[in-house]
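Okay, thanks for coming, everyone. Let's get the model up on the screen and walk through it together.

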Amino acid sequence: MIKDTTSKIYKKLAAQEKEEGSLPLLLKFYKSLTGIQAKTQKNIGLIEATISNPVIIQRLKQGIPLVRFEEFAIDGTLAKTTFIKVIALFSEYPQLFGEIPERLKATMAGRFLTKKAQKAWFTGKPLPPTLAEGISNNLIQAILQATMQPFLNKHALALIDQVEEDAWRRNYCPICGGSPDLSYLEKEVGARGLICSRCDAEWIYQRLQCPYCRNAEQSSLHFLEDEKGGFYRLYLCDKCHTYLKTIDLRKTEDEVLFPLERIYTLDLDNQAREKGYHPHSIS
Ligand SMILES: [Zn+2]
Ligand SMILES: [Zn+2]
């Protein structure tokens with residue numbers, strides 16, 4: 001896993017902005033977001049292992065992710081401050097996200113991010129009305145994801161080395177249980193790794209199987225390559241009609257920053273949708 005990806009992305013976009021004078025709107029937003037996230041991540045203390053080695057091995061064997069909500073170390077005050085900053089940033093871009101209710105834009109809005117609300121988000125349960133009312137579910141989920149990412153990612157960085165390559169070949173994240181939303185073909189043998197949509201952890205998964213419905217019938221699985229040398233691939237499954245964007249690391253010498261690739265590849269999402277495929281839902 002690439003360490004400290006968030007601040008690398010921030011620096012890269014800041015350099016691009018300086019060079020080109022300005023950034024496209026979405027990248028400008030993302031630069032500011034990674035600025036907030038990098039700052040929060042810096043302020044999170046060391047993540048102490050709350051589970052012992054034998055428990056880790058047992059959980060991996062049983063398919064239980066390593067961080068359960070009870071073990072998710074999160075500084076409530078830092079989370080609330082981050083939440084307020086993230087909302088302020090999203091509200092600067094109504095053309096991208098629509099309007100955010102006044103209630104959530106208030107300086108006291110941090111109080112809505114209760115433990116109960118955090119748990120509901122973490123476990124994919126319905127959010128309390130103080131968060132959910134008057135805002136689309138997609139938007140509030142995106143705001144919460146952006147707020148929690150630094151905390152989840154910090155856990156992923158602390159724990160991912162404990163996950164041996166062969167110990168976890170499942171279609172959900174070994175760290176937080178999230179669903180993958182991006183994948184890559186690694187340099188050495190072209191094995192396929194999945195990337196968690198929530199904490200950005202990476203793990204290896206069968207290349208010839210759909211990670212969403214586990215379909216392994218080759219006649220109903222295929223992929224498309226981009227025209228510029230196949231750096232990007234779109235894996236398509238005709239059983240569950242989902243797609244998965246994939247980056248072929250064998251085709252580049254440059255360092256690839258996966259979270260940034262989510263934005264660079266939005267054209268691929270459009271292509272997949274036009275062909276009748278949909279992304280797998282995050283939860
Ligand atoms: Zn995860
Ligand atoms: Zn499928």
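Let me start with a question: which residues point one way from β5, and which the other way? Before I answer, keep in mind that this is a predicted model. So, on one side you've got Tyr232, Leu234 and Leu236, and on the other Arg233, Tyr235 and Cys237. That's what you'd expect, because side chains in a regular strand alternate between the two faces of the sheet. What I like here is the burial: the residues on both sides are buried. Put another way, β5, residues 232-237, has six of its six residues buried.

Now, the neighbors. On one hand there's β4, residues 221-225, which pairs with β5 in the antiparallel sense over five bridges. If you want a landmark, find Glu225, which stands opposite Arg233 in β5. The hairpin of β4 and β5 has six residues between the strands, and Gly229 there takes a positive phi near 90°.

On the other hand there's β6, residues 243-248, antiparallel to β5 and joined to it by five bridges. The landmark for this pair is Leu236, whose bridge partner in β6 is Tyr243. β5 and β6 make a hairpin too, with five residues between them. Look at His241 in that turn: its phi is positive, about 60°.

Okay, over to the metal. What are the protein donors of the zinc ion, ligand 1? They're the SG atoms of Cys173, Cys176, Cys196 and Cys199, lying 2.3 to 2.4 Å from the zinc. The angles those four donor atoms subtend run from 99 to 119°, so the arrangement is tetrahedral. Along the chain, the spacing reads C-x2-C-x19-C-x2-C. Cys176 sits in the loop between α9 (137-159) and β1 (180-185), while Cys196 is in strand β2, residues 192-196, so this pair ties together parts that are 20 residues apart in sequence. And are these two buried or exposed? Cys176 is buried, at 6% relative accessible area, and Cys196 is buried as well, at 0%.

Let me zoom out to finish. The protein chain has 11 helices and six strands. For 283 residues, a compact globule would have a radius of gyration near 19 Å, and this chain agrees, with 19 Å. The C-alpha trace spans about 55 × 50 × 35 Å along its principal axes. Of the 283 residues, 51% count as buried. And of the contacts with a separation of 6 or more, 63% come from residues 24 or more positions apart.

Conventions:
Residues numbered from 1 in each chain as written. Chains lettered and ligands numbered in written order. Predicted model: local features only at pLDDT ≥ 70, side-chain atom pairs only at ≥ 80, totals over all residues. Heavy atoms only, no water. Donors = N, O, S within 2.8 Å, 3.2 Å for Na, K, Ca; no water. Tetrahedral: all angles 85-135°; square planar, octahedral: opposite > 155°, others 65-115°. Helix = DSSP H or I, 4+ residues; strand = E, 2+ residues; numbered from the N terminus. Buried < 20%, exposed > 50% of the residue type's maximum accessible area, 1.4 Å probe, protein only. Pairing = 2+ DSSP bridges. Rg over C-alpha atoms; globule rule 2.2 N^0.38 Å. Contact = heavy atoms within 4.5 Å.
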